[in-house]
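Take a look at the fold below before reading on.

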Amino acid sequence: MKISIKDLSMVYKNGNRALSDVNLVINSGMYGLLGPNGAGKTTLMRILVTLMKPSTGIVKVGDLDLMKDRRAIRSMLGYLPQDFTLFAKLRTWEFLDYVASFTELSNKRQRGTAVDEMLEKVGLFDVRDRMANKLSGGMKRRLGIAQALIGNPKIVIVDEPTTGLDPEERIRFRNLLADMSTKDIVIILSTHIVGDISSTCHDMALLNEGKVVFNQSPDALVEMARGHVWAIDAIDSEVAVIQEKYPVISTVPTANGMEVQVVADRLKDYAGRSIEPNLEHAYVYFMEYKIGRHVDDEVLAG
Ligand code: ADP
């Protein structure tokens, strides 16, 4: 399975330009779509799930054309929207059974088995008789992913799945998606949370103001930040000054003051230890020094 997006643009009726000439090839496995709020992620997801037509551009899903073969593509899709809510008064298993009835699982018995298996997979089998709207936040989100995955979709699109989840549920959710990821399905995970992407996605795109500004593996993004992440030992009064000069990733109290982790093209005025970058460092480095407000400083500094 492969999705090819060519010269895709979207301008809303009020003139808001949400996407500009987006070109991406998304292969099977887990794909991360990262970007700050307003970057255009939801717009792109809504176009891919055929809820909205783009202003211009071509999207191919395998051999199918997103504009012409909408029905066929819909039957291959699973979608967990950002604002997934359970409005129907149904038990957990009933809700999943209802969603499954719109998929290839038209046979009742076959569907029953698939529903039970899915409830087991997402850890909701024990609460299958509970009213779905009475589940905890994390459980609702897991039911959300279950309804996106039931009926063997070839493309699964998940929009901001971990917002509002506590750290434990967040990790559980991520692992669940990673387990589901197989050779023949595409899972697109759209998020503004860097930690959602890190270990699970083989490839990613970074969107900013409607444009693709980076499109390689998360490891390649991390490599770009190598040599640009520093730990500075500072006394408390220096922290605010450092914060003004450099994007600060973390401050940790030490015996003599603070260890401040910063990203910087070059570290001036402070002695710091160069440290191993992670994806969060790399994201901040890229956003600030490749496209953000620190670019001009560096150009001026020569
Ligand atoms: P993200 O999901 O990355 O936060 P969105 O796709 O929601 O980004 O938004 C991208 C841009 O499009 C933003 O500037 C947003 O204000 C605008 N936008 C989103 N939805 C609409 C809409 N229905 N009408 C007009 N502008 C919109």
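Predicted model: local features only at pLDDT ≥ 70, side-chain atom pairs only at ≥ 80, totals over all residues.

The largest pocket holds about 760 Å³. Its lining is made up of 26 residues. Closest to the centre are L77, Y79, V99, F102 and Q147. Which elements supply at least two residues each to this lining? They are β6 (77-80), α3 (92-100) and α5 (137-149). By class, the lining has 15 nonpolar residues, eight polar ones and three charged ones.

Now turn to the second largest pocket. Its volume is about 330 Å³. Here 15 residues form the lining. Nearest the centre lie M118, K121, L149, N152 and P153. Helix α4 (residues 108-121) gives the largest share of this lining, with four residues. The class count is eight nonpolar, three polar and four charged.

Start with its length. The helix has 14 residues, and at 1.5 Å a residue it should span 20 Å. The C-alpha atoms at its ends are 20 Å apart, so expectation and model agree. Next, its burial. Which residues of α4 are buried? They are R111, A114, V115, M118 and L119. Viewed down the helix axis, the buried residues of α4 fall within an arc of 135°, so they line one face of the helix. The spacing fits a general rule. An α-helix has 3.6 residues a turn, so residues three or four places apart point the same way. What covers the buried residues of α4 includes α3, α5 and α6 (167-180). The face turned away from the buried side carries R109, E117 and E120, which are exposed.

Helix α1 (residues 41-48) is mostly covered. Of its eight residues, six are buried. These are K41, T43, L44, M45, I47 and L48. T50 follows α1 and has a positive phi, near 65°.

Two other residues also have a positive phi. N152 shows a value of about 50°, although it is not a glycine. N152 sits in the loop between α5 and β7 (155-159). Is N152 buried or exposed? Its relative accessibility is 54%, and the cut-off for exposed is over 50%, so N152 counts as exposed. D269 has a positive phi of about 70°, and D269 is not a glycine either. The loop between β13 (258-263) and β14 (272-274) holds D269. At 63% relative accessibility, D269 counts as exposed.

Next comes a buried strand residue. L189 belongs to strand β8 (residues 186-191). Its relative accessibility is 1%, and buried means under 20%, so L189 counts as buried. What touches L189, leaving aside its neighbours within four places in sequence? The contacts are M30, Y31, G32, L33, V158, P161, L177, D196, I197 and C201. L189 and L24 are 165 residues apart in sequence, yet their C-alpha atoms are 14 Å apart in space.

R174 is placed in helix α6. At 19% relative accessibility, R174 counts as buried, because the limit is under 20%. Beyond its neighbours within four places in sequence, R174 is in contact with G195, D196 and T200. D196 therefore links two parts of this account: it is in contact with R174, and it is in contact with L189.

Finish with R226. R226 lies in the loop between α8 (218-224) and β11 (229-234). At a relative accessible area of 37%, R226 is partly exposed. Leaving aside its neighbours within four places in sequence, R226 is in contact with E276 and P277.

Technical notes: Residues numbered from 1 in each chain as written. Heavy atoms only, no water. 1 Å grid on protein atoms, 1.4 Å probe; cavity = no way out; pocket = protein on both sides within 12 Å on 5 of 7 lines; lining within 4 Å. Points joined across faces, edges and corners; volume = space filled by probe spheres on them. Nonpolar A, V, L, I, M, F, W, Y, C, P; charged D, E, K, R; others polar. Expected span 1.5 Å × (residues − 1). Buried < 20%, exposed > 50% of the residue type's maximum accessible area, 1.4 Å probe, protein only. Arc of directions from axis to C-beta. Contact = heavy atoms within 4.5 Å.
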